[in-house]
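Let's take a friendly walk through this model. Have the sequence and the 3D view ready.

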Amino acid sequence: MAILIFLIVMAIILIAAAIYSIMQKDLLFAVLGTGVVSLVLSIFFYMLQAPDVAITEAAIGIALTTIIFIITIRNTTRDENKYNDDHINKFKTKKDA
Amino acid sequence: MLKKLIVFLLIATLGYTLAVTLSSIPIGKNRIGSIENPETVAAYYLDKSPNDLKVANTITAVVVNFRGFDTLGEVSVLFLAATGLASILYRKEEEEEEENIRHISHRLNLPSSSLVQTGAKILFPLIIVLGIYVFIHGHLTPGGGFQGGAIIATGFLLMLVSYKGFETNHKVMVWLESLAGLGFVGVGVFGLVKYGSFLQNTGWTGNLNDLISGGLIPLIYIFVGIKVATELTNILDILLNIKPRKK
Amino acid sequence: MVITPVHYIVAPLIAAFAIPLLTKIHKDAARIVPGIVLFYNVVISFFLMNHIAEHGMISETLAGWEAPWGINLVVTPFTGFLATMVSILGFIIWLYGYRFKRTLKGGEVKFYEILQMMMIAGSIGIIITGDIFNMFVFIEIVGISAFSLTAFYRSRDGAEAGFKYLLIGGFASAFLLLGILIIYTQTGTLNMAQIAERMPEVPQQMKIIALVFFLVALGIEAEMFPLNGWAPDAYSQAPSPTSATFAAVVSVAGVYALIRVVFTMFDVEGVNNYLMVMGFVTMLIAEIAAISQKNLKRMLAYSSIGQVGLILISFGIGSNLAVFGALFLMLNHSVIKSLLFMAGSYFIYNTDDKRITALNGIHKKLPIVSFFFALGSLAIIGFPPFSGFWSKFYILISAANEKYIFLIIGILLVTIIELTYYLRVVGRIYFAKEEEGEPASHRPSINALVAMSSLALFIIVIGVYPDLIMPHIQNAADALLDKTNYIQQILSVKN
Amino acid sequence: MMDFQTLFEQNIEIITIAVYGTAIALIVIGLYAVLMKKHLVKIVIGLSIMDAGIHLLFVAVGYISGGTAPIFSPGSENAATTMVDPVPQALVLTAIVIGFAVTALALSLVIRLYKHHHTANIDQLNSLKW
């Protein structure tokens with residue numbers, strides 16, 4: 001029974017982490033949320049008798065995907081609501097019209 | 001507001017459709033059918049993998065042999081992604097010189113404490129060995145080329161972020177990358193020339209659960225492992241070495 | 001070693017993996033090797049077409065597992081016809097682009113050539129594979145190359161168009177996976193012939209839901225309305241040889257995938273009508289949008305979508321003659337639209353301006369290119385002595401045979417719209433008052449001229465002697481419609 | 001391990017709801033993020049969550065109650081009848097790697113766009129019509 005409860009708790013954590021990661025305004029934490037999604041997902045895969053998929057998800061989903069997101073955030077912006085104040089259209093060229 | 005409504009309707013439709021569809025695909029039901037008289041591909045694979053190919057891990061047998069062509073395609077997807085990434089983030093030499101920051105490293109680094117560096121130094125060989133172990137034993141235990149390759153890439157990632165001066169040897173990387181890819185295709189062409197079917201396995205397969213068994217399958221998985229490791233390391237290397245824009 | 005269909009994929013892959021090494025030996029290797037490979041694909045095509053004309057269709061097994069168990073590659077008169085067309089156009093586009101990219105430096109050339117070659121190879125893969133998941137993998141190969149090439153110039157708009165394309169492509173692959181999932185649980189197989197064989201046993205509801213997922217996913221690849229928002233941006237931002245490849249190769253592969261799934265895998269009633277209606281809407285909206293375009297490449301892109309709509313209508317009519325017309329139109333569209341993109345890109349290259357208004361009186365600067373553009377315009381509208389006439393003619397006849405009056409009216413209306421906007425451009429090129437300016441700085445190089453003239457020659461020759469190509473198209477149409485034979489031939493080994 | 005299997009067998013309805021529900025929720029949440037969010041990184045996050053849901057769905061339909069992982073470890077050489085379906089797992093392996101490739105490419109485009117626009121908000125990237 002304990003495993004069943006564990007499974008349901010895991011399902012709730014998974015959904016909560018997914019919602020958290022799309023609602024969180026601080027993108028760094030949002031990305032960590034997707035890391036949690038991957039982590040719980042790989043536990044799911046393991047419980048559903050898919051150890052190969054679990055290892056792949058762990059290595060690629062948790063480690064590599066998270067790190068490339070973090071690199072991107074570092075190169076762009078961490079705040080979801082950040083707007084560019086200078087007028088965007090000032091770069092517009094005639095050719096693109 | 002209208003957009004929100006449309007999106008909501010779209011999402012509700014998709015969710016409802018999936019729920020209805022899945023309710024008639026019950027989980028846990030055996031859809032494979034009899035193994036002796038296979039009607040589905042799954043039954044056939046479960047039958048042939050231990051008996052004909054002598055590969056203990058059926059998923060490896062499926063990925064490398066039965067559906068090996070998919071894996072070749074997948075490896076090339078990764079290769080193309082690395083190429084595309086390099087092309088999108090490529091900078092002309094003039095541009096680099098213009099910004100005059102060519103020789104300054106801007107790589108993302110952890111706060112370099114000696115603790116982190118020592119830890120990385122100790123962990124790095126262990127991770128590499130683990131990765132190699134995973135893809136060498138791909139036909140026996142869970143894991144294989146992708147998993148091993150991804151683990152090795154994590155090892156390189158650790159070194160790249162903890163040492164400012166750590167650089168992957170580009171020459172070696174290019175050679176390894178190309179040779180691993182060519183090795184994979186080469187094994188396939190070997191099957192084509194010798195047995196008349198691309199990627200065909202050799203007749204000799206050894207015994208189930210031996211390290212050296214399964215014919216060419218472990219060899220292919222080693223090539224896949226090296227290829228995946230180099231491609232992923234390449235992707236990380238390119239991304240980590242982006243120079244931040246001038247403030 | 002005999003030539004087998006797998007060479008189509010293996011040769012480009014070997015080249016792609018080896019190019020990073022070869023460039024170290026010779027710096028022009030990255031430019032030349034893809035040409036050799038694409039030419040080799042043309043050779044394979046002719047060899048295989050000969051072979052199937054004598055011995056019937058080929059179903060090659062991979063990894064030594066017979067058809068339903070392993071992945072198989074199928075060359076029927078239909079897939080062989082499309083693969084031949086794609087490989088020949090791929091080679092011509094390479095020839096055209098050979099010196100076009102002279103301005104690029106070492107690294108960039110390597111990336112460009114690898115991606116371009118793999119996009120063509122992946123399209124051939126989509127066409128010849130007989131396995132639905134393998135098709136997904138090839139769609140991803142084409143997709144990844146296409147996203148990267150769209151953003152290849154690393155300009156602001158290019159990156160945006162690439163991102164947009166990638167996002168919609170991501171949707172497509174997600175939906176495709178869902179469709180594959182449903183089909184797999186219902187039939188227990190991934191081989192398209194076996195899926196088709198087992199399809200009657202699948203519950204109707206499952207069938208329709210899976211079909212909807214496939215239609216959405218492949219509709220995106222085939223530029224079907226309303227899923228084609230990516231196309232004009234991608235076409236207009238990509239390097240010109242890539243735009244030509246999108247029109248001539250990628251859209252063909254997308255339409256093929258859609259047709260293969262709808263015609264062979266599924267047996268749902270009424271999907272033909274759906275194709276017809278969606279094709280009609282696609283065509284009408286795209287052609288109307290094309291009128292208002294100010295950017296030459298965007299106009300050509302909308303025109304391409306319109307042609308794809310017409311192809312879908314024609315497949316939707318579903319009679320043998322209509323399928324024949326659709327395949328003929330696919331061929332014509334690929335050839336003519338590549339010619340238009342090739343010629344158009346020299347205008348843009350010279351005026352350094354993508355707008356149509358910049359073309360005033362350009363025929364004095366670039367007489368040959370202008371001639372090719374005018375030829376292509378007339379051909380795509382469907383003027384009689386050119387090949388475009390015949391495909392439209394057969395489609396109209398087939399619509400008349402099936403008594404679809406509204407289709408005939410629609411197609412004629414669209415022809416008038418096409419006439420308006422193409423002749424507007426041609427009129428500007430030839431009759432508008434020339435703007436002040438220095439003579440053309442970038443005259444077409446000899447290889448580009450050879451590429452364009454061979455396409456132009458094809459348009460004229462087929463326009464005058466359509467009998468040269470019609471038997472092949474007729475075989476292709478018969479092969480597509482003969483579903484039972486396809487299933488039996490592939491699965492015969494099993495029984 | 002055995003504990004898992006018996007429990008799974010007994011409570012298959014709850015597990016169906018939990019696993020399918022989670023998968024559908026992930027797909028729907030991901031789709032919502034892709035369609036409604038304004039920040040490019042958020043959109044890519046949505047795409048990868050959507051992919052994750054589909055991967056879970058694949059593994060779930062391949063599951064057979066009471067089944068073991070499809071690996072013939074020493075001592076279970078004849079256990080083929082009690083194994084879960086290996087094919088969806090193999091397909092998911094491919095799909096995960098392809099998904100990573102697409103994500104990496106998408107993020108590189110985000111970086112490139114940010115360099116040009118100094119913003120990653122799609123409302124401000126309006127040089128082409130969205």
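## The nonpolar core

The largest nonpolar core has 361 residues, and those that touch the most other members are B:A81, D:A60, D:A101, D:L105 and D:V110. Such a core is a set of buried Ala, Val, Leu, Ile, Met, Phe, Trp, Tyr and Cys residues joined through C-beta atoms within 7 Å; buried means that 20 or more other C-beta atoms, placed from the backbone, lie within 10 Å of a residue's own. Helix α4 (residues 86-117) of chain D gives the most to this core, with 21 residues. Helices here are DSSP runs (H or I, at least four residues), numbered from the N terminus.

This is a predicted model, where local features need pLDDT of at least 70 and side-chain atom pairs count only at pLDDT 80 or more, while totals for chains, interfaces and linings use all residues. Residues are numbered from 1 along each chain as its sequence is written, with chains lettered from A in the order in which they are written.

Look next at B:A81: leaving aside neighbours within four places in sequence, B:A81 is in contact (C-beta atoms, placed from the backbone, within 7 Å) with B:I235, C:I144, D:A101, D:A104 and D:L105.

## Helix α6 of chain B

Helix α6 (residues 114-136) of chain B has 23 residues. A kink of about 30° lies at B:L123, shortly before the proline B:P125; the bend is the angle between axes fitted to the seven residues ending there and the seven starting there.

Buried in α6(B) are B:A120, B:G131, B:V134 and B:F135. The buried residues of α6(B) pack against α7 (145-162) and α9 (217-240) of chain B.

## Where D meets A

Chain D has 49 residues in contact with 46 residues of chain A. On the chain D side, α4(D) gives the most, with 13 residues.

Note on methods
Helices (H or I, at least four residues) and strands (E, at least two) are DSSP runs, numbered from the N terminus. The expected span of a helix is 1.5 Å times one less than its number of residues. A residue is buried if 20 or more other C-beta atoms lie within 10 Å of its own, exposed if 12 or fewer, and partly exposed in between; C-beta atoms are placed from the backbone. Two residues are in contact if their C-beta atoms, placed from the backbone, lie within 7 Å.
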